[in-house]
Amino acid sequence: MIDLRKIRKAMEKTLDSKRYEHTLGVEFTAAALAMRYGASIQKAQLAGLLHDCAKCMSGDKMIAVCEKYHVDISDMERRNPSLLHAKAGSYLAKEEYDVDDRDVICAIWNHTTGRPGMSLLEKIVFVADYIEPGRNRAENLAQIRTLAFKDLDAAVRQILEDTLHYLETKGGEIDPMTRETLEYYSK
Ligand code: DGI
Ligand code: FE
Ligand code: FE
């Protein structure tokens, strides 16, 4: 089993202090959701700790990591390389931090856009990323925090709706996967 303390230390080194604090927040929020929904607490902690491990790299470096591991990069991702921190991070988790659990790797891969039919662990990390205690900007946070512990799928849907609304107002380009995920969870 992977030593969580070792991963925490590695994240403290590779991330800036704000991102490290966020990472710890996602770790323990994911653990709390795992307790609530009967998922593996250790896997939730591990995925939470590593989900943003590529976040503090430059866009060029994220692209380079993805190219190294033969990850297809869409034109949309090339224009918005920050979206690639999830895919790059997923490969770094596997190759540099020796994570071999598929579900943990997928939870990192899908943590920004989600995907239709997410596993329980994927949903936990997706939601924990949005509601961890250090977050304070998003609309409806208090309501989503309560909802997350009542109905996880409803929380996923609300987060996607709010994220799309935020991107539309801000003029951010929307990844087709974000829309597909919302469609799936709106059914
Ligand atoms: O890495 P974090 O900031 O902790 O969280 P994240 O991985 O969920 O990334 C959050 C950002 O990603 C947020 O500013 C919204 C953005 N995002 C989510 N879906 C899309 C998106 N950005 C674009 N351009 N398109 C999307 O579909
Ligand atoms: Fe992220
Ligand atoms: Fe995050």
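Start by selecting histidine 51, which counts as buried because its relative accessibility is 0% (buried means under 20% relative accessible area, with a 1.4 Å probe and protein chains only). You are looking at a predicted model, in which local features need pLDDT of at least 70, side-chain atom pairs count only at pLDDT 80 or more, and totals for chains, interfaces and linings use all residues. Residues are numbered from 1 along each chain as its sequence is written, chains are lettered from A and ligands numbered from 1 in the order in which they are written, and side-chain values use heavy atoms, leaving out hydrogens and water.

Distant parts of the chain are linked here: histidine 51 lies in the loop between helix 3 (41–50) and helix 4 (59–68), and aspartate 129, 78 residues apart from it, is in helix 8 (helices are DSSP runs of H or I, at least four residues, numbered from the N terminus). Aspartate 129 is buried too, with a relative accessible area of 8%.

**Second stop: across the bridge.** Which residue bridges the iron ions, ligand 3 and ligand 2? Click on aspartate 52: this residue joins the two ions, which lie 3.6 Å apart. Around ligand 2, Asp52 (OD), His85 (NE2) and His111 (NE2) coordinate the iron at 2.1 to 2.2 Å. Histidine 85 belongs to helix 6 (residues 85–95), while histidine 111, 26 residues apart from it, is in the loop between helix 7 (102–109) and helix 8 (120–131). Both histidine 85 and histidine 111 are buried.

Taken alone, ligand 1 exposes 570 Å², and the protein buries 80% of that (areas by the Shrake-Rupley method with a 1.4 Å probe). To finish, colour helix 2 (17–37) and helix 10 (152–170), the elements that give two or more residues to the shell around ligand 1.

Methods:
Donors are N, O and S atoms within 2.8 Å of the metal (3.2 Å for Na, K and Ca); water is not among the atoms, so sites may look incomplete. Buried means under 20% relative accessible area, exposed over 50%, partly exposed in between (1.4 Å probe, protein chains only).
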